[in-house]
Amino acid sequence: MSNIVDELKTILEPGKLAVDETTLARYAVDQAPVVDYQLPLAVVWAETVEDVQAVVGACAKHGAPIVARGAGTGVSGGAHASPGCIVLSLERMNRILALNPDDETAVVEPGVINADLNDAAAVHGLMYAPDPASFRTSTLGGNVATNAGGLRCAKYGVTRDSVLALDVVLADGSLIHTGHQTFKGVAGYDLTGLFVGSEGTLGIVVGATLRLKYLPREVHTIAAFYPDFRSAAAGVLAVGKARVQPAIMELLDGGSLHQLDEIHGSDLSSRGASLLLIQTDGFGAAAEADVVREVLAAGGATVTTEASAEAEQLVELRRNSRGVEVDDEYRVGEDVAVPRSRLVDYIGELEAMAVAHGVQLKVVAHAGDGNLHPTFWVDRVDHQVDADAMQRLGECLDRSITVALAMGGTITGEHGIGQYKLRWLGLEQPEPVRELQRRIKHLFDPAGILNPGKAI
Ligand SMILES: Cc1cc2nc3c(=O)[nH]c(=O)nc-3n(C[C@H](O)[C@H](O)[C@H](O)COP(=O)(O)OP(=O)(O)OC[C@H]3O[C@@H](n4cnc5c(N)ncnc54)[C@H](O)[C@@H]3O)c2cc1C
């Protein structure tokens with residue numbers, strides 16, 4: 001066969017492969033900044049495990065790189081096309097194969113949308129806990145590959161904590177099953193855990209057994225407005241000291257409140273310079289909410305007094321607060337995490353660096369697990385490129401990373417390294433650790449065809 005695309009055309013049924021420019025461009029990038037724009041040679045849509053095996057087998061024969069793709073909502077460039085690659089879309093493998101209420105598990109194909117599993121589980125009084133803000137669009141395969149986190153992770157853990165078993169197509173086209181159908185299981189190395197978060201560089205996830213949790217009977221949401229951002233961050237620690245474990249603890253600064261006001265016509269910024277949103281759940285939700293209100297009010301907050309519908313709407317607004325930025329700004333931002341005890345210090349540092357560099361700052365944070373999304377930005381003046389402003393933004397971004405690391409944090413709490421954050425990985429992981437990961441990659445993918453240039 002002369003080339004990989006010709007061979008794929010003979011293997012796949014009609015409608016499962018495209019080479020037209022519009023499709024190639026649509027599947028060339030995810031939602032991250034583009035560092036090195038490449039068009040794939042072809043996009044293929046697998047509909048069965050056998051399709052994936054056939055595609056990977058053909059790519060292995062031709063040495064063609066493969067970029068697995070779920071919904072393309074990644075924000076680190078993990079699904080950006082690599083030079084000369086085939087983009088392997090899993091979006092059509094979107095069946096929930098089993099829902100086992102007594103076992104509290106579900107077996108899914110990789111292209112199932114996170115929200116669809118939650119809808120199906122809710123019928124049985126269950127939920128799939130990891131809820132990235134993209135839960136209405138991102139796939140479970142993509143969530144597994146990025147070890148996605150979300151709002152409820154403060155209480156229920158990240159994706160890795162909910163993955164029991166995986167079906168994975170390896171770089172030679174063979175299929176393996178890792179893990180177990182039970183919550184417990186310690187036989188051998190934890191290969192399931194290794195695949196979670198590996199960003200398509202070790203194998204293609206074609207099936208997953210996921211742990212479900214009971215849907216809480218009661219949910220209470222508290223909105224606490226603060227006169228400044230640092231006191232709001234201190235509220236997070238105060239709740240912990242009161243021994244309450246909220247399901248959600250989200251923090252928004254004044255810049256984020258202003259932005260929501262502009263978009264939704266709300267009046268949040270007139271009510272405080274920062275907002276802490278807390279949700280308690282379960283049979284003790286009301287009692288826990290009382291304690292939270294008391295503790296936050298003692299820390300200077302103006303707190304909603306009832307289990308308010310408004311507070312719940314605010315959580316929805318928070319879920320949607322990403323990806324709504326207006327066009328006429330220069331923006332840079334990341335998803336660092338710091339130990340929770342350093343949250344207040346880190347926010348102070350962010351504010352100081354924005355002032356020192358003459359840029360604006362807005363921050364939203366999954367404060368319950370110390371994961372922050374700071375965005376530095378400047379207004380674009382007369383649509384001119386302002387090289388000085390760009391440089392100041394870049395300096396702020398780099399500094400926000402190094403300060404987080406100095407506090408014992410990480411460069412990425414949930415979005416993954418992808419392509420975009422490779423430049424900072426060496427700051428976090430020493431060379432022997434990186435070399436060990438290269439050797440693991442080589443063991444799984446000796447020819448280096450699985451998502452090259454990403455994650456490690
Ligand atoms: C508005 C918005 C909000 C977001 N909020 C959050 C959030 O709260 N928390 C969070 O963690 N992330 C968030 N993200 C980022 C993104 O949604 C997650 O990383 C998500 O898990 C990606 O899923 P996807 O299906 O879009 O995967 P893609 O973007 O298609 O792929 C992501 C990575 O996974 C690999 N991959 C995809 N499917 C497979 C597979 N079956 N086998 C092997 N590798 C695969 C890809 O090669 C790529 O490296 C958000 C993004 C947006 C746009």
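Start with H8 and H12, which are roughly antiparallel to each other (an angle over 145 degrees; under 35 is roughly parallel, 65 to 115 roughly perpendicular and the rest oblique). Select residues 229-241 for H8 and residues 343-356 for H12; helices are DSSP runs (H or I, at least four residues), numbered from the N terminus. Their axes come within 8 Å and cross at roughly 160°, the axes being lines fitted to C-alpha atoms over the stretch in contact, with angles from 0 to 180 degrees between N-to-C directions. The crossing is right-handed, that is, the near helix is turned clockwise from the far one by less than a right angle.

This is a predicted model, in which local features need pLDDT of at least 70, side-chain atom pairs count only at pLDDT 80 or more, and totals for chains, interfaces and linings use all residues. Residues are numbered from 1 along each chain as its sequence is written, and side-chain values use heavy atoms, without hydrogens and water.

Next, show the side chains between the two helices. On the H8 side, the residues in contact (heavy atoms within 4.5 Å) include Phe229, Arg230 and Val236. Among their H12 counterparts are Leu343, Ile347 and Glu351.

Now colour by domain: 2-89, 96-214, 219-319 and 331-428 are domains 1 to 4, with bounds from an automatic or database domain assignment. The C-alpha centres of domain 1 and domain 3 lie 43 Å apart.

Finally, select the cysteines. The structure holds zero disulfides (pairs of cysteine sulfur atoms within 2.5 Å). For Cys59, the nearest cysteine sulfur is that of Cys85, 9.0 Å away. Cys59 is buried, at 0% relative accessible area (buried is under 20%, exposed over 50%, partly exposed in between, with a 1.4 Å probe and protein chains only). Cys85 is also buried, at 0%.
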